[in-house]
Each structure stands twice: as C-alpha cells, then as structure tokens.
Amino acid sequence: MRIGIIAHLKHAIREPFAGGLEMHTSMLQGALRRRGHDVTVFASSGSEPDACVEAICDETSLTQVGCDEAPDKVFFQEHHAYLSLMNALRHRNFDLIHNNSLHYLPVAMADALPMPVVTTLHTPPFAWLESGVRLCNAPNATFVAVSESIRRKWNKVAPIERVVLNGIDLERFAFRSDPAVQPYWIWYGRIVPEKGLHHAIAAAALSGATLLIAGPISDQDYFDREVAPRLDERVRYLGHLAHSELAGIIGGARAFLCTPCWEEPYGLVVAEALACGVPIAAFARGAIPELLNAATGVLASPDDPFSLSQAALAAEQLDRHACREHAIRRCDAARMIDEYEALYADRIAAAPQTRFAA
C-alpha cells in the first residue's frame, strides 16, 4: 500500500521524542515500512532522516517560535502548512492517508481527497478539532479512537468506527525480572502541569521513597515553580533521555507513578513501564484504568498524593512477570499494526477507483 501519514507539527519526529504522539508516529511509519508498505510522513523539518519525511513547515512549538506574536504566528504557520498539503494531496498517488495530527484542516478537508482518510483521535474533544470533525461529512473519512474513554467522549460529536489501542515496540523496553538493589520509584513523561509530576513528588515525600524523574521540560515555568525547588538527593531529575537509556532506568524501578491531572487519552508511558516489568501506581483517570488489571497496577484517587503513595507501596508487591505478560497481550505494536493494516485494506477496498492527476 502507498500510505501518507500526516503528523503533528509542534515537534519534529525524532529522538528523544517530545511526547507520545511523536513516538507513535515514528513507530507507525517504521513498522509499516518494515511490512513492505510505501510510506511518506508529512511532518516538521528536522525529523529523523530515515522516516521518509517530507517537511511541510518548521516546528511550531512556542519554544521554537519564540516571539511575542507566537500564538498568531503558530496558527497561520500550521494553517498554511496543512492547507497547502491537503491541496497537494489531491494530486498525489496514495492509496490512503492516515491523519495522525491534531489539526482541524486534514479532517475538515477530507472530502477534497480522492483516497480514503483515516483519522486517529488521540485527545478528548477541543474546540478547533471538534469543529473540523463536525464539519466532516466525507464518505471517505473514518475515525478511530485510541481508547474506549476517548471513543465515549467523541461519540457525542461524531460516530467513531472503532478503537485501536496504541502499541509500543516491546523489544525497545526489555523485561527486567528484578529491580535495582537500591529501591526507587520512577516518573517520566512531558513535564507540564497536566501530567501532575508535583503529585508524584508529594507522594514520594509522604512515603520516604526515592523518586527518579525523566522527560522533556515542556513548561519551564511549571518546572521552575513546582519541580526544581523540590529536587534533592532523594528526588532527582535525570533529563530528557533517549529510549535506549530510559528503558534501563525504568526497568530498575519498584513502581512507576502515573499522575494525570486531565482525562489521559491512553498513556504510552504506562505500556512502556509494564513492558519492562514495572508495576503501576496511577490516578484513576481517562484511559488509564483500561490499561491495567489487579495483577499489574493499583489505582489511586485523582489528585491525592497520600492515596498515590499507598498505591505505589502496594504496587511494589505485584508480580513483574505478570506486568510483562499483560504488556505483550495488550500493548504490542504488532497487534496495533495488524489492526491498522486490516482497516486500511477495508477502506481501500470500499473506495471508488479514482484516476489521479499528474
């Protein structure tokens, strides 16, 4: 199949990934190419060279734009990039377009394309994307949610055909049967208020546990206010690590703390920790309860550090082999790619044959 993937433009598709969406896009294109598909990714400049990327604009994160007019500049930069792309795709010879962005234009303009468009919804509804979905009446458009939680939220806006749970490359997150000799908990992910790192720090303080932290500082003000003043020998920030280094640190932990302050759409970090054999202590929010069972994680009351500390202490007692087996059954990227391949084939078979313009 000839597949075009439309990426999010905030960050380039390269390691160390800015977040789960960038990692997901990279893994999706790589797995599809290894299965023999012809894949082109439309993404920000600076993306990894082996990802078959066509750059459609520079990165649009506010830290990259860096000017007083940043919000307006970002809006028009992304709008122009996606508008130009969608017009160009009308004359490109793809069998299918997979929209993996969070922008309204690839959705609203799906009916302008001659090929099927599959859009994966990675977030709960927000104003601009919801507007695009409501405007989309294209018979060639299909919507997929990354969790039942996300499907329930979007079903109020438009019918969601199916759920395809995200997956991870299990080989990149090797199982470790025993934790490190010196005990610690781990928290990793984007360091922003909605990820709730401050709750993990508070939970570790209540229990006296050592907490290791890793991930990109995506909100410097939040880091300076809520994280930096609490760093010491017991609470340590390791930086933004490549997955090869990160996996080893995850695997040594006694528990992984997941602290969303919003309705988390999926939680790739949970899947990664489980793959390493690390039990989960998590706020019961969004899709997180879908990823766990009693053998692999302990749920805590949202926004409650004491409840989280107790959940982490209980999670330490869970079987690490059970965590890995659960990840193999539920979180394997191969299962995700199987489901997307089947969906692609179904959509292509149902689409009318169209002659492409040169």
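The stops that follow concern a predicted model and lead from a sheet to ring pairs, a pocket and some single residues.

**First stop: the open sheet**

Select the strands in the order E3-E2-E1-E4-E5-E6-E7; these 7 strands form an open sheet with parallel pairing. Next, colour the two edges, strand E3 (53-57) and strand E7 (162-163). Each has a single partner strand, so one side of each is left without a neighbour in the sheet. Strands of a sheet pair through backbone hydrogen bonds, either parallel or antiparallel.

For a view of one pairing, select strand E4 (residues 96-99) together with strand E5 (residues 117-121): they pair in the parallel sense over 3 bridges. Which residue of E5 is the bridge partner of Ile97? Val117 takes that place.

**Second stop: strands E11 and E12**

Select strand E11 (residues 255-258) and strand E12, which are joined in the parallel sense by 3 bridges. Here Cys258 stands opposite Ala282 of E12. In a regular strand the side chains alternate between the two faces of the sheet. Show the side chains of E12 (residues 280-283): Ile280 and Ala282 point one way, Ala281 and Phe283 point the other way, and all are buried.

Display the rings of Phe75, Phe76, Tyr104 and Trp128, which ring pairs link into a cluster. The count of aromatic pairs comes to 7. A pair of aromatic rings is described by the distance of the centres and the angle of the planes.

Begin with Phe75 and Phe76. Their ring centres are 5.3 Å apart and their planes stand at 90°; because this angle is over 60 degrees, the pair is edge-to-face. Are these two residues buried or exposed? Phe75 counts as partly exposed at 29% relative accessibility, while Phe76, with a relative accessible area of 56%, is exposed.

With Phe75 it forms a tilted aromatic pair, 5.4 Å centre to centre and with 50° between the planes. Phe75 belongs to helix H3 (residues 70-89) and Trp128 to helix H5 (residues 127-135), so this pair ties together parts that are 53 residues apart in sequence.

Turn to the second largest pocket, which holds about 270 Å³ of space. Its lining has 15 residues, and those closest to the centre of the pocket are Ser26, Met27, Gly30, Arg34 and Arg172. Colouring the lining by residue class gives 5 nonpolar, 3 polar and 7 charged residues.

Select Thr296 in the loop between helix H11 (288-291) and strand E13 (297-300). Thr296 has a relative accessible area of 1%; this is under 20%, so the residue is buried. What does the side chain of Thr296 contact? A polar contact of 3.0 Å connects it to the side chain of Asn293.

**Last stop: Glu325**

Finally, select Glu325 in helix H13 (residues 320-330). At 42% relative accessibility, Glu325 counts as partly exposed.

Conventions
Residues are numbered from 1 along each chain as its sequence is written. This is a predicted model: local features need pLDDT of at least 70, side-chain atom pairs count only at pLDDT 80 or more; totals for chains, interfaces and linings use all residues. Side-chain values use heavy atoms; hydrogens and water are left out. On a 1 Å grid over the protein atoms alone, a cavity is a set of points where a 1.4 Å probe fits but cannot get out, and a pocket is an open set with protein on both sides within 12 Å along at least five of seven lines; lining residues have an atom within 4 Å of a point. Grid points are joined across faces, edges and corners, and a volume is the space filled by probe spheres set on the points. Ala, Val, Leu, Ile, Met, Phe, Trp, Tyr, Cys and Pro count as nonpolar, Asp, Glu, Lys and Arg as charged, and the others, Gly among them, as polar. Rings of Phe, Tyr and Trp (its six-membered ring) pair if their centres lie within 6.5 Å; planes under 30 degrees apart count as stacked, over 60 as edge-to-face and the rest as tilted. Buried means under 20% relative accessible area, exposed over 50%, partly exposed in between (1.4 Å probe, protein chains only). Helices (H or I, at least four residues) and strands (E, at least two) are DSSP runs, numbered from the N terminus. Two strands pair if DSSP finds at least two bridges between them. A polar contact is a pair of N or O atoms within 3.5 Å; within protein, one must be able to donate a hydrogen and the other to accept it, and residues adjacent in sequence count only if both atoms are side-chain atoms.
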